[in-house]
Each structure stands twice: as C-alpha cells, then as structure tokens.
Amino acid sequence: MDLVVLLKLVPDLAEELEIAADGRDLARDWLSYLTSEWDEYALEEALQLKATSGATVTCLALDTGSVEELLATCLARGADRVVKVGSFERAPDSHTAARAFAAALKEIPADLILTGVQAIDDLDGQVAPLLAAALGLPHVSVVTHIGLAGDGRTATVNQEYAGGLVAEFEVDLPAVLGVQTSREAPRYAPVSRVRQLMKTADYGAVAVTAEGGSGLLVEAMSIPEVTGGAEMISGTVEQIAERVATLIRERGIGLGGSR
Amino acid sequence: MSNDVFVLVEHRDGAVADATFELLGRARQLAVAAGGEAVALLLGSGVEALSSKLGAAQRVLLAEDAGLAEFTPSAYQSVLVPIVQERAPLLVLATNTGVGMDVAAGLSMACGLALAAYATDVALDDGGPVITTQLYAGKVNVRVRFRDGRGIATVVAGAFPAEAGQLAGSPIVERVTVSALDGRIRFRRLLRPEAGDVDITRESVLVSVGRGIGEADNIALVEALAAALGGAVSSSRPIADAGWLPRTRQVGKSGLRVKPRLYLALGISGAPEHLEGMRGADLIIAINTDARAPIFGVAHYGAVADLLDVVPALTKRMTG
C-alpha cells in the first residue's frame, strides 16, 4: 500500500500581509512561509495509517526552490520518501499544481493520495478534487477518520457537513482525499533532526510540465478594512474589562438577567 | 452556449439548504441581467416535490436515480459533467461546502471551466461575471474574472440574503436522463451529532473561545465567565479538534450556526468558516491579540488584548 501526501508552503498569517504595487498580488519580498495547516493534518493521517497498515508514505511538494525544510520535516516525522516535483519560480495556482502532481503521479505509485482539504491561498479551488479529476480518480473533500480495508482495495472516510452531520463513504482505491483534520495533532519533529536531514536527505525529483493556468484573471487584491466593523476599546486590561462589562449590562445580560 | 446561471441545489431530509436559497436569489438577479435563465440543478431520488421550493429558478433540471439518493462526489460528477458541457452556462454557482468543493473543482477540471473559490460576491458587468473572493483566512479580498468569460464559483454562506431565493413557484421541471453513474464512492450511512449537554443554538449568551485560549486548562477561566453571564461556552474549530470542548460546542461552517444576544469571541481570529456561524449574533464583542484579526470586521466592539488577562477581570465584574 502506497500513500502519497501532497504538501505546500503558504504565507504565515501571523505576519502582516501587504499588497504588491501592481495591486494584483501579495507583496512577497518579506513574507515568511509555513506548511499549509491542512497539509499537516493530511501528513499526520498518512503516518497514522502507516503505523496501523504498514503502508509507505511518500511526500510530494512542488519545487519552488525552498521546500527542503518542508520535505525534511516530513522525513523527520516518519515519511519514507520525499520528492520534489517540477520547477516553479513561485507557488503556482491550484489548477497548475494539480496538473503537475497528476504528471508526477504517473511515475510514482499511489493507492491513496492525501492532501489538505484547502489552503488559505487556493483562489482557483482546492487541489484534491482538481487532481482527482485530472487523474480520473474518485475524491472526497472535508474528510476525517480515514480507514483502510484489510485487502487494500477500499477506504472508509467521513465527510463533514454543517451542523455536525457526517456521511460515511466507502471509496474504491486509488483515490484522492482532501483532509480536514487528523485524529491526533500533527506530531512534532525536533528542529535539530530536521536541520540534519536537510543536509543529508535524498530528495527525489520528478520533472513535469504543467500548462494552462487557472483561467482566472486577477483584477485587484485588497486588504479589507477590518477595523471598519468593530468600535475598538483601548486602555488597560481593567479599563477594557470595565467597558465590556458596561456594554453587557446595558443589554440586561449577566447578574441573572439573561434568560 | 447560454447566458443561464446554474445553481447546484444542496438538500437533505427533504429540505433545501439555506445556502442554496442564497445562491438562487442571486442567480435570478444575474440571469435576468444577462438575458438567460436561473436554473436549479436538483439531483436525488424522489425529490421532484422540492422543485416547488425552487421558485426563484425559472427552470429545474431534475436528475433522479436510486444511486443519487445520497450525495456522493463521483455520482454527482457523472451527472453534472455532461449537463454543463452540453449547456455551457454563463455561470455555475455552488456553495462552499464539502459538496460544493467536490463538485465545483471536479467540474472545473473536467469541463475546462475556470473556478473562483470562496466567493463573497458575484456580479455582472459589460465584461461578464466579476467575482469577489476572500483569501488568506479572510485577510485579503480578490476581484477576478474568467478568462473565457464563463466559469464556476463556490460561494461562502451568508454572501447573499436567503429570502430572495425562498420563493414558492412552479419553475419548468426538465428531467435529465441519468446514464451510468460512477459508483466508486458508496454512501454508507449518515452520522448525526449526539445531543450534547448544552444546545448552543438555544443559548442567549455564548462565551466562545479559539486558539488564543492557549491550553486546555484555561477553559475553566471562560467557563467561570459563562456562568457569571448565565450563558454557555462555545468554540471555534481548533478547540473542538483538540478535544478541549465537545464537538457540539463548535460554532461555524462545520459546526453550528448560532444567533445569541451576546457573542463574546475570545482569542478567535475569525476565519471565514467561523464567521459563517456567528455573524448574525445581536452583539459581538471580540478580544484578540492580533489587531488585524478578521473577527474585528464583524464584531460590534473589539479590544486588542490577551483574553487570559481580560477574562478574569471581566468575570470579577460580572459576579461582583
């Protein structure tokens, strides 16, 4: 059983985002990046499945020139193999990424392909269903609780809906899943181990071509004026607490007056 | 090719999802402006009666088959791809849900149509559809067009008023022949949430916590505040994922939609998925250490502070 996990880097939202001078992209010069949160969950699910089924885990990332740390972290956490896919100046759109991964997966065996259900920058849709359509494979998004059948021919997955409803599906393999969350929090890999692996790791590489783009034309990007909504309360902690308490009391809430 | 605007109908237990009505209302306006029809795509088994609820559409394309009794991505895909390829609508709208994501991206790749995800507005001008979407957890707005002038958008819940789509009526019902369905994904069962100790949709005061709570031990702090306010504790997704609170307390897209008199958002950044579930609250007060957190865009009042400092001070005042 071969599990493949697709991962990518996204801008770290802890830092302030700015728009580039042309108004159509982020100002990328000073951005820092981290692994897309949902891709981390996909990797953790794959490693959990490896532990119970003996499957191998291969991690793929599009080669944007800076994915060594991401891939070394995958190895440090327990992935068997890492592969850089293609060569890109920067992270491409989701359609291009899906085509590139589809091309790579013609050479890499995969019974189950896992990736994050979404990423914060997937303007043109999510990679999992795009990739599945490109490969002609079944796919399920917003997935939790992946189980593999003993014969390795099917998986059972839960798909989440609003209101806490969950559908259980049986899926023929090979298939592509967009992972919402993992059963355990993503495991920790010691930084020293990652640093060491960055020097010694055997990064596989697959050359691919992926053309066509997303078919979207970006006209403008802007930062919404978030403070336009809330009236901001400033001051010390005590002053903030006093103001909030007043706002609440004004509405007859608290002190037994709320129900 | 047509100037029709298609809407994929999401339904369950004989009821059409609110988010679908939101799209239908908008689709009607867009179709009128474009000189086409608003067309509802209704897939299922024994669901024809639902078409009377879809009066905002001029036409319902009805695909019925035992294999469509429950949603599966593969069966829906095998019905929808030929419809969209043959009829080439101006726009296909789907909700930004598990169903919508599965269907929209699959259609996009299979039909060669561009897709704009996380749309918060869909409009038309002389150049065709213009989509506004939100990226980076709601921190950036992007305005896009389709290179080929037509395409697909997945729309976040709450983007348009549902009322405009909740029109009774008798749209033309056109049955679509269902050929072989792709059966590689099989529905097994629906798991409904277990009733929790607290029904957060019925509480008038919610003290809601996100990642800013830091660690599980701090939940007790917000429980004390909730008790002082006569309310209950709810959470954003990461807190339920971590198991610090039961899933029944989760507010948002994959949790519950709430509309309390007071919603205290503590250490919640306000990802679009969360805002979907609480933006209708009467009074929203947000406390967050990040001054740029999108939660401040929907809150009525906000303070940039650490909830671990503010909550004890507030609890003291409310119990005082």
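Residues are numbered from 1 along each chain as its sequence is written, while chains are lettered from A and ligands numbered from 1 in the order in which they are written. Because the model is predicted, local features need pLDDT of at least 70 and side-chain atom pairs count only at pLDDT 80 or more, whereas totals for chains, interfaces and linings use all residues.

**The interface**

Select chain A and chain B together. Helices (H or I, at least four residues) and strands (E, at least two) are DSSP runs, numbered from the N terminus.

Next, select strand 12 (residues 216–222) of chain A and strand 9 (residues 140–146) of chain B, which run antiparallel and are joined by 6 bridges. Two strands pair if DSSP finds at least two bridges between them. Within this pair, A:Leu217 stands opposite B:Arg145.

Proceed to the open sheet of 6 strands, paired in parallel in the order 13(A)-17(B)-16(B)-15(B)-13(B)-14(B). Its edges are strand 13 (231–232) of chain A and strand 14 (232–235) of chain B; each has a single partner strand, so one side of each lacks a neighbour in the sheet. Inside chain B, strand 15 (residues 262–266) and strand 16 (residues 283–288) pair in the parallel sense over 5 bridges. Select B:Leu264 to find B:Ile285 of strand 16 opposite.

**Backbone sites**

Centre on A:Val142 in strand 7 (residues 139–148) of chain A. Its phi is near 55 degrees, a positive value in a residue other than glycine. A:Val142 counts as buried because 27 C-beta neighbours lie inside 10 Å; the class requires 20 or more other C-beta atoms within 10 Å of the residue's own, with 12 or fewer for exposed, partly exposed in between, and C-beta atoms placed from the backbone.

In chain B, select B:Tyr136, in the loop between strand 8 (128–135) and strand 9. Phi of B:Tyr136 is likewise positive, near 50 degrees, and the residue is buried, with 22 other C-beta atoms within 10 Å.

Return to chain A for the cis peptide bond between A:Leu173 and A:Pro174, where omega is about 0 degrees. A:Pro174 belongs to the loop between strand 9 (166–172) and strand 10 (175–179) of chain A.

Select B:Leu80 in helix 2 (residues 73–87) of chain B. B:Leu80 is buried, with 25 C-beta neighbours inside 10 Å. Leaving aside residues up to four places away in sequence, B:Leu80 touches B:Leu41, B:Val103 and B:Leu107.

Finally, the largest nonpolar core has 145 residues, of which A:Leu131, B:Val7 and B:Leu93 touch the most other members. A second, separate core of 51 residues includes B:Val209, B:Phe296, B:Val298 and B:Ala299. A nonpolar core is a set of buried Ala, Val, Leu, Ile, Met, Phe, Trp, Tyr and Cys residues joined through C-beta atoms within 7 Å.

Methods:
Contact = placed C-beta atoms within 7 Å.
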